[in-house]
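Please read the following note alongside the sequence and the model. It starts from a local detail and then turns to the overall picture.

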Amino acid sequence: VQIQLTGLDNGGLPKGTPPIAAVSKAGSDRSSLTSSKSMTALFGGLPKYSISVKGETIPRSFSRISAGCIPVRAPSNGEKAQVLMITSLSTTPSGEPLWTLPKGEVVPEEKSTSAAQREGVEEAGVTGSLSQSLGYFPTEDPTKFVEIFLLEDVEEIEWAERYLRERQWFTIHDALRLPLKHAYIADVLDALMEWLSDGNEVTSQATGCGGDKGR
């Protein structure tokens, strides 16, 4: 999908597009890219899990864009997939860890796929193959969006932030029960479940140090 964005207003959206950050799922206060009107205006009506510019550099006038990944592996317990979550550098008021996904800002002239791979290595100590984009997700900052890619063929490696973070495999349902650093993380997990419910499968296993940990 080649997206050319010109004549932007409304925080970087094409003129006349409803603010994406104001769109919420029915029965939820989490913002997400589920509005058919705003999706049609911005992406031609593509389903949210296939919204992608396929690694092309996003014009900086669009918005502040971050990119990240959700490492996945084939199930071992009847679930459709397991996901690797990492702890944030912050905690709940009671001291519990907050869980998140590796992500970071796309720097000028950088491809979103490159940023997602970089953050996977730096924050989670994982390498692998980026496949499906699950789409753009609004953050608490209305000018900032995060594009999340599936990371398959995961290999867990030693990484510098292992002294600051934990990483652990969870079923999608268990991940949704975690205290999450950002509300959009739940939307990413929902999007992954939707992608799987459409008949897609995760077939690759994780390798490397800690590859057998999970629940």
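1. β7 and β8 are joined by a hairpin through 5 residues. The two strands, β7 at residues 126-138 and β8 at 144-156, run antiparallel and share 9 bridges. Within this pairing, S129 has E152 in β8 as its bridge partner. Strands are DSSP runs of E of at least two residues, numbered from the N terminus, and two strands pair if DSSP finds at least two bridges between them.

2. The model is predicted: local features need pLDDT of at least 70, side-chain atom pairs count only at pLDDT 80 or more, and totals for chains, interfaces and linings use all residues. Residues are numbered from 1 along each chain as its sequence is written, and side-chain values use heavy atoms, with hydrogens and water left out.

3. The protein has 4 helices and 10 strands, helices being DSSP runs of H or I of at least four residues. From the N terminus, the order is β-β-α-β-β-β-β-α-β-β-β-α-α-β.

4. Of the 215 residues, 49% are buried (under 20% relative accessible area, 1.4 Å probe, protein chains only). Of the contacts (heavy atoms within 4.5 Å) between residues at least 6 apart in sequence, 68% join residues at least 24 apart.

5. Which residue is found in the loop between β8 and β9? Y163 is, with β9 spanning 167-171. Y163 is exposed, at a relative accessible area of 68%; the cut-off for exposed is over 50%.
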